[in-house]
Amino acid sequence: MNKRLFFLLLLLAGIGAAAQVRPDADNAGLKLPSGFGALRVADNIGRARHIAVTKEGDVFVKLERMKNGGGICWLHDSNGDGKADEIKNFGNFNGTGIFIRNNYLYASSDQEVFRYQLDAGDKVIDPSNPEKIVTGLISRFEHEAKAILLDNNNNLYVNIGAFSNSCQEKDRQLHSMGIKPCPVLDSAGGIWQFRADKPNQTYANGIRYATGLRNVVGMDWNTQVNQLFVMQHGRDQLHDIFPEMYTEKQNADLPAECLYAIKKGDNAGWPYTYYDPFLNKKMLAPEYGGDGKKEGSKEYIDPLVAFPAHLAPNGLLFYTGSQFPARYRNGAFIAFHGSWNRAPEPQEGFYVVFVPFSNGKPSGKWEVFANGFSGKSEIKNPREAEHRPCGLAQGPDGSLYVTDDVKGSVYRIMYKG
């Protein structure tokens, strides 16, 4: 064997060895269905919220609070083992949302949306000078996270959460009644649509695409049916505000966290109604004359899926890859951040669930897909949770990425058969 061939074979062998991505021995502490494995891509990167993965496999993570001088964390794996060995931070703003489309990286603060141009290798060309796309969005320190996404027609969608629990005259106060019409809905409590390529847009340039949504942190564009889907954080404190109408158990179990399919002009009913998953009905909110028995108006849209109360859905992803078994294709993954207000019941959530879909509609019951993030079998206080899932993204090979905003971990879930 000549030397050139010998060294070529050594090089190819090295590349093959480097390209092996294997799950951690303990699957990164996660409990997964048979055939799946997980590894930690990175740890301690900061309060990791939403996530985007390039076609080359680099990872961008939006940090809720800046760390190492930046609110966006770039992760690169140079040797192909699945672990980030190069980490850089940029972007001088906090926030939640991040999205890649049309050679741009979009990222949000609590008041604005920016974009960075990417080169042919999906690297940020000028990390110090993003273009400001939207500015002046309302943020009053309650439900301030601005989730973002783009559709296939260069439209940008921004969640603007309600700075209120139920639009009371005195927020979260005993027996305080609701304001009607709710003034919050003029500038929050819904999804706004902007152009993705027009700088310095404000509310005046946007369209209130959907309303009556208290707070949406998890949302995704379903390419199979070309439609927006969102997960709503339901309201809190029915018993605390109206103890004569709702028990402590009902306080923990109501209302549902809801998955909605959204069309332009839709109204999901907040703050006037909530969804009762036991009665499978929209109920009139007590602040507006309800008593736990009166149904709400039929004018508001119904959810596609009603999940248990207060689980805090922070990530939504429709899976389009081919790595996972066929039943997962076009189905929805949802990251539940975990509850804080189910006492005296144990807190719940802290996992990723899967909902099978067919032709844009749920085709089976939801199931827990990835569990074990919290590190404990029972959580009484969310501060006990070691990790809390938040953002979801799909890698170019079909792997599922999950962020954790407690210890700043990034997980990669793979199917090995």
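Glu287 sits in the loop between β18 (281-284) and β19 (305-307), where strands are DSSP runs (E, at least two residues) numbered from the N terminus. This is a predicted model, in which local features need pLDDT of at least 70 and side-chain atom pairs count only at pLDDT 80 or more, while totals for chains, interfaces and linings use all residues. Residues are numbered from 1 along each chain as its sequence is written, and side-chain values use heavy atoms, with hydrogens and water left out.

- Glu287 is buried, with a relative accessible area of 2%; buried means under 20% relative accessible area, exposed over 50%, and partly exposed in between, with a 1.4 Å probe and protein chains only.
- Leaving aside neighbours within four places in sequence, Glu287 is in contact (heavy atoms within 4.5 Å) with residues including Ser166, Gln168, Arg235 and Phe242.
- The side chains of Glu287 and Arg235 are joined by a polar contact of 2.7 Å, a term for a pair of N or O atoms within 3.5 Å of which, within protein, one must be able to donate a hydrogen and the other to accept it, residues adjacent in sequence counting only if both atoms are side-chain atoms.

**Cysteines**
- One disulfide, a pair of cysteine sulfur atoms within 2.5 Å, is found in a search of the whole structure, and this disulfide joins Cys167 to Cys182 with an S to S distance of 2.1 Å.
- Cys167 and Cys182 both lie in the loop between β11 (155-160) and β12 (190-195), so the pair ties together parts that are 15 residues apart in sequence.
- Both Cys167 and Cys182 are buried, whereas Cys258 is in no disulfide, the nearest cysteine sulfur, that of Cys182, being 18 Å away.

Definitions and conventions
Helix = DSSP H or I, 4+ residues; strand = E, 2+ residues; numbered from the N terminus.
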